[in-house]
Amino acid sequence: MPESPSVPFARTVLTAASIFIVAHLLLLIGVTAPEKFYFDEVHYVPAARQMLEPVMREPMLNPMHPPLAKQLIALSIRIFGDNPFGWRYPAALFGALALVAVYLGGLALFTRQSSAIAAMLIAAFNQMLFVQSRIAMLDIFALAFSLFAIAAFTYGFRRARPQLYFALAGIASGLSAACKWSGLFVLAICIAIVAVIRLMQGWRTQFADPKPEDWYRPDLWPDFRPRHFAACFVLLPAIVYLASFVPLCGFSFPDILEAQRRIFADNTTTAIAGHTYMSPWPSWPFLVRPVWYLFDKLGDDRIAAVVLLGNPLILWPALAALAVALRDWIVVRRADAFLVLAFYFGPYLAWALLPRTLGFIYYYLPAATTASFALVYALIRGRTPRWLLWAFLAIGALGFAVMLPISAAFIGTSTATFNHLMLFRGWI
């Protein structure tokens, strides 16, 4: 495996800054529509408002999630006012940061500027990230920090001394968990990868025909000790996670512990099924049941609509790309295929282990975003013509443009257009 990306550091910084600025500005267009709460903003904005009160009153609103994302929304309300822009600005900010993280993760995986930019663009055109970047929910915050954790871990995976990058991955994972406990999924994947490799090294496992691109090597990370593991993946995540509770609980350990008990109880209790837009986790990759965040009649033939569905022209082909990566991991043992699979299936299949009957397709957001890595991997491997990647990207952009009237409330659409876009009865 290459020891470092072939892209100069200055070019990486300039490209990342350019991605952030352009994405940030684009995501802010029309972000104040609708000028009212929609979907789960009714839970999170009041909770953020409560954090701005001089004395936290009881009962605490939305205690089922950690406080960091709500604290960021509260900070935005304090700066920009208690209005739609103030509620949603942080989501647009972190949506842009999420795309920067996809670029950095793509650079770490593929060590090529064009491939990293392609992965970022595929993620941008995958509708889910766009929609979540324009609503005051918690998911985009957890996603952005998780993507930075993936990028840092992937950089570290390719180095003999991964301590710094693994520490950054641990910090980013802790911040992700401080927004929503699903942020722990990426941390668990990092721990599992390191544990499996160390176990195989302890067994003195060797492949009969070792290759530089193998996902496992007996000489991987020779100076990475147990104390480094504990610091990177236990101590640092725990510190940054628990620190997010200090503004609410002070330094009272019993109060912080009680907050964790409440979160655990709320997130592990089996929910009563029956929500209009609920869907089981096996259906998410196939886009069987979207979630309508907004559906307002503006006139006789005008609708303001926001649907969280995902771009079918990206997410359906991604399933074939994942099969290609799976084949290469098993047959060729490629490290990039292994990491692509780990960071797709980990955040997705983790939901199969949780004792909750109430699920929604927006839980698929992290896996749907990392699916962009699988698509790039499949489209640049071997002798695949380079133009094919960009042709696919153009198709994905077309799908995004077609869905834009039902992705952004400020655009609006007609009843006829809405009916044309609803290809299946289950989408309505």
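Mentor: Start with a term: buried means under 20% relative accessible area, exposed over 50%, and partly exposed in between (1.4 Å probe, protein chains only). Helices here are DSSP runs of H or I with at least four residues, numbered from the N terminus. This is a predicted model, where local features need pLDDT of at least 70, side-chain atom pairs count only at pLDDT 80 or more, and totals for chains, interfaces and linings use all residues. Residues are numbered from 1 along each chain as its sequence is written, and side-chain values use heavy atoms, leaving out hydrogens and water.

Trainee: Which residues of α1 are buried?
Mentor: In α1, those are Thr12, Thr15, Ala16, Ile19, Ala23, His24 and Leu27.

Trainee: What puts them on the same side of α1?
Mentor: They cover an arc of only 155 degrees around the axis, so they share one side of α1; the arc is taken from the directions from the helix axis to the C-beta atoms. On the face turned away from that buried side sit the exposed residues Ala10, Leu14 and Leu25.

Trainee: Why is glutamine 113 called buried?
Mentor: Its relative accessible area is 14%, and the cut-off is under 20%, so glutamine 113 counts as buried. Glutamine 113 belongs to helix α5.

Trainee: What makes the link between glutamine 113 and threonine 15 a polar contact?
Mentor: Their side chains are joined at 2.9 Å. The term needs a pair of N or O atoms within 3.5 Å; within protein, one must be able to donate a hydrogen and the other to accept it, and residues adjacent in sequence count only if both atoms are side-chain atoms.

Notes
Helix = DSSP H or I, 4+ residues; strand = E, 2+ residues; numbered from the N terminus.
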